[in-house]
Amino acid sequence: MGEALFQAKLATIARDSSQRKTISVNGIETTYWFYPKRNSLSKIKRSIVFIHGYRGNHHGLEAIAGAIEDFDVYIPDLPGFGYSAAFAGDHSVDHYASWLNTFIQSLKFGETKPHLLGHSFGSIVVSAYAARHDGIATLILENPVASPALKGPKAVMTAVAKGFFWLAGLLPENLGDGILKSWPMVRGMSILMAKTKNRALRAWIHRQHDENFNDFASRRVVNEAYRASTSECVGQWAQDFAIPTLVITGNLDDITSPKQQRAMAATLRVPNRMVEHLGVGHLTHYEIPAEVAADIRLFLAGLQDKALKAPGHGS
């Protein structure tokens with residue numbers, strides 16, 4: 001089986017077992033997908049909530065859900081994206097973190113707290129949540145935006161993108177929306193972020209972005225969420241985490257450099273581990289979903305065996 005087919009198969013396995021559900025969260029109609037565990041040999045009840053990144057939806061993390069068959073997985077569409085309604089107010093990190101707190105409470109996990117994973121912009125949301133609430137067992141930051149995006153390895157590109165979104169916001173709605181959803185914009189982003197040299201895998205990644213990157217409610221939503229994604233970062237809250245934390249990165253990440261990721265991880269005051277994958281960038285959820293699932297299992301096994309290093313010295 002080819003590499004690209006393997007990623008697609010994992011996503012399909014998850015999708016075929018999923019259950020779509022809709023609930024009201026802080027007055028916002030929120031749609032999420034439940035992926036029940038498929039490993040009958042595992043008697044331990046473990047749950048994990050995934051939070052997707054900017055301009056994404058639940059589909060982006062389905063390949064990881066397909067690879068982590070010994071967990072019950074919950075993936076919501078963030079408000080304003082996918083099938084979830086938009087906030088009446090600003091799509092800020094504070095609003096998303098408050099929404100996430102109520103969402104997790106609404107799932108009624110009881111005494112067995114879930115694990116929580118956030119990818120990219122989702123890492124900012126889950127970090128703001130984790131610094132303020134105690135409803136989760138562990139925190140998993142996948143390709144975290146560890147420091148301000150305007151100080152990342154592609155700071156100039158981020159500044160240009162910021163101007164692009166500002167301009168799209170000034171134009172008449174139809175024209176502005178057309179620019180934001182334009183094929184050159186979406187494909188250009190996908191080409192820049194995909195690091196694999198496997199042509200079939202790159203084609204699959206581009207198809208995922210073509211199908212899901214424009215799944216937002218309005219120009220207002222996408223502009224407000226973009227401002228949130230570039231004005232705040234995980235590093236703001238890292239020292240306030242009170243639960244074990246796993247950091248998963250790629251050494252070719254264009255949003256936050258390995259140096260910035262390591263600097264953020266060094267500030268953690270809780271049991272932690274950092275895993276840096278070679279040859280991959282910001283799209284670990286598409287390029288190496290099985291490895292991400294393995295990272296999660298090994299991290300949790302390490303916690304059970306008390307094998308993690310002292311706080312602030314993750315490996």
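1. In this predicted model, helix H7 (residues 183-193) packs against helix H8 (residues 199-212) at an angle of about 140 degrees, and their axes are 9 Å apart. An angle over 145 degrees would count as roughly antiparallel, so H7 is oblique to H8. The crossing in which H7 passes H8 is right-handed. On the H7 side the contact is made by Trp 183, Val 186, Arg 187, Met 189, Ser 190 and Ile 191, and on the H8 side by Arg 202, Ile 205, His 206, His 209 and Asp 210. Sorted by class, the residues of this contact are five nonpolar, three polar and three charged.

2. The next pair to look at is helix H6 (residues 173-180) with helix H9 (residues 219-231), which pack at an angle of about 55 degrees with their axes 10 Å apart. These two helices are therefore oblique to each other, and the crossing of H6 and H9 is left-handed. Glu 173, Gly 176, Asp 177 and Leu 180 of H6 meet Arg 219, Val 222 and Asn 223 of H9, and the residues of this contact divide into two nonpolar, two polar and three charged.

3. At what angle do the axes of H3 and H4 cross? The axes of helix H3 (residues 93-106) and helix H4 (residues 121-130) come within 8 Å and cross at roughly 70 degrees, and the two helices are therefore roughly perpendicular to each other. H3 passes H4 in a right-handed crossing. The residues that make the contact include Tyr 96, Leu 100 and Ile 104 of H3, together with Phe 121, Ile 124 and Tyr 129 of H4. By class, this contact of H3 with H4 has 11 nonpolar residues, one polar residue and no charged residues.

4. If the neighbours within four places in sequence are left aside, Ile 296 is in contact with Ile 48, Ile 68, Phe 71, Leu 117, Ile 140 and Leu 246.

5. Finally, is Glu 287 buried or exposed? Glu 287, which lies in helix H11 (residues 284-287), has a relative accessible area of 5% and is therefore buried. Glu 287 and Gln 7 are 280 residues apart in sequence, yet their C-alpha atoms are 7.3 Å apart in space.

Notes
Residues are numbered from 1 along each chain as its sequence is written. This is a predicted model: local features need pLDDT of at least 70, side-chain atom pairs count only at pLDDT 80 or more; totals for chains, interfaces and linings use all residues. Side-chain values use heavy atoms; hydrogens and water are left out. Helices (H or I, at least four residues) and strands (E, at least two) are DSSP runs, numbered from the N terminus. Buried means under 20% relative accessible area, exposed over 50%, partly exposed in between (1.4 Å probe, protein chains only). Axes are lines fitted to C-alpha atoms, for helices over the stretch in contact, and angles run from 0 to 180 degrees between N-to-C directions. Angles under 35 degrees count as roughly parallel, over 145 as roughly antiparallel, 65 to 115 as roughly perpendicular and the rest as oblique. A crossing is left-handed if the near helix is turned anticlockwise from the far one by less than a right angle, and right-handed if clockwise. Contact means heavy atoms within 4.5 Å. Ala, Val, Leu, Ile, Met, Phe, Trp, Tyr, Cys and Pro count as nonpolar, Asp, Glu, Lys and Arg as charged, and the others, Gly among them, as polar.
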